[in-house]
Amino acid sequence: PSEPEFQGSFDSSVHEDSGENELTRPSPGFAPVQDALKEIANGKFVVVLDDEDRENEGDLIMAAEKVTESDMAFMVNNTSGLICVGMEGKDLDRLDLPLMVDSKNSSESMGTAFTVSVDASKGTSTGISAADRCATIRTLAKAGSRPEDFRKPGHVFPLRAREGGVLKRAGHTEAAVDLAKLSDCFPAGVLCEIVNPDGTMARGQTLLDFAKEHGLLAISISDLMRYRRQSEALVDRVAVARLPTTYGVFQAYSYRAKSDGIEHLALVYGDVKNSSDVLVRVHSECLTGDILGSLRCDCGPQLGLAMKKVVKEGCGVIVYLRGHEGRGIGLGHKLKAYNLQDAGRDTVEANVDLGLPVDSREYGIGAHILRDVGVRTLRLMTNNPAKYTGLKGYGLEIVKRVPLLTPINKENKKYIMTKVHKMGHWYGGEEEAPEATAIRSDAGQ
């Protein structure tokens, strides 16, 4: 089939819930990311919270190029006072600002990448006043700044953001840079942790109350991550080639994820671009099941059955997502979980015993790949309600769920039943709308 043109951004107007895209709807108590971007562009602060199981803290963040002396005074009076500036690596390299401690020797608990501290060489005195720190920050946020424009050490702390932003590391450093970039500002954001009057860290509702008291918007890093996944192209197409298989001749599309470089695959059969309600399987990589024929899961048989169904249909797509081994925990941890399962634990309990998530897979990349090959409406081959939930909101309409039933054997019976009873999977029935599946899945639990 002919290759559809790659879309740099994705139109979400094809399928929306109640007039609002599910992926851009803010978490309860938080403002929409779109509104926060307008505030950043207008030189305002935004309160940004990370997850409770991470730092569980909130930072004041604004675009570095917009900061004023009064902004700096407000920041000093309401935060820990350790004023930082998140920046991209290329700008820090241009300014000859190396890491304070190299990554191999750093013991910083959250992996924050501090560079050597700086003061602006011109327009500052001691470097510590609000005016001096404002001058330093604005100098950092100038494209034409040079290494000689700074004294080292100083009173402002640049931070090296991870390439890929919050999609690579869900930290305030990356959030500060992402917010500045998404607001069409120089890619640098000033940030500092909000504290209570007694000097303790402000958390949770206290941070939301702080934002309300000062007329600021509050957003979460998780919402920013969802916003980026929905609004940006997450993959680059690398190559397309004819791929004859034992099931039929497919067109194989390879993609590289922008956030981590992992390569993924789409097998396209027939004229997908000019078809509606395309038969689709989004398959998570499983080396043991797909390649080695392991009987402990149903992954390999499901992949083969999906390819057969697509060929029989005459049109369809198989998206093969790599990096999903063991529902996202990786091959080594999956083998450790197998040992626990042999000792009597089920697949969910084994992950929990290892201190790992039950299922950490994310399907946004799969949705972007489907969009790129031309899919708009689809019938999704899956027994997992979470999978069609994860694909919604990217301009894709899932019109039906198609069960993908493979034989149960003595090695995988407990595994499959655990997915049914503990993870909401549904094992049986004909094609049906996702809403019906969700009802049946809840009843099955």
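This is a predicted model: local features need pLDDT of at least 70, side-chain atom pairs count only at pLDDT 80 or more; totals for chains, interfaces and linings use all residues.
Local features were taken at pLDDT of at least 70 and side-chain atom pairs at pLDDT 80 or more, while totals for chains, interfaces and linings use all residues. Residues are numbered from 1 along each chain as its sequence is written, and side-chain values use heavy atoms, with hydrogens and water left out.

The protein chain contains 16 helices and 14 strands, assigned as DSSP runs (H or I, at least four residues, for helices; E, at least two, for strands) and numbered from the N terminus. Of its 445 residues, 50% are buried; buried denotes under 20% relative accessible area, exposed over 50%, and partly exposed the range in between (1.4 Å probe, protein chains only). The accessible surface is about 19,800 Å², with 50% belonging to carbon and sulfur atoms, as computed by the Shrake-Rupley method with a 1.4 Å probe. Among contacts (heavy atoms within 4.5 Å) with a separation of 6 or more, 70% are between residues 24 or more positions apart.

The largest nonpolar core has 53 residues. Such a core is a set of buried Ala, Val, Leu, Ile, Met, Phe, Trp, Tyr and Cys residues joined through side-chain atoms within 4.5 Å. V280, V282, V317 and V375 touch the most other members, and helix α13 (residues 364-373) supplies the largest share, five residues. Beyond its neighbours within four places in sequence, V280 contacts V317, L370, V375, L378, R379, L380 and M381. A second, separate core of 34 residues includes M62, V67, L97 and V118.

In helix α4 (residues 130-140), the buried residues include D132, R133, C134, T136, I137, T139 and L140. Their cover includes helix α2 and strands β3 (84-87), β4 (118-120), β5 (150-160) and β6 (188-193).

Four aromatic pairs were counted, with rings of Phe, Tyr and Trp (its six-membered ring) paired if their centres lie within 6.5 Å; planes under 30 degrees apart count as stacked, over 60 as edge-to-face and the rest as tilted. The F45–F74 pair is tilted, because the ring centres are 5.7 Å apart and the planes at 35°. F45 lies in the loop between α1 (33-41) and β1 (46-49) and F74 in helix α2 (residues 69-78), so the pair ties together parts 29 residues apart in sequence. F45 is buried at 6% relative accessible area, whereas F74 is partly exposed at 22%. Together with F210, F45 and F74 form one aromatic cluster.

The charged end of R296 sits over the ring of Y338, 4.2 Å from its centre; the criterion is NZ of Lys or CZ of Arg within 6 Å of the ring centre and within 35 degrees of the ring normal.
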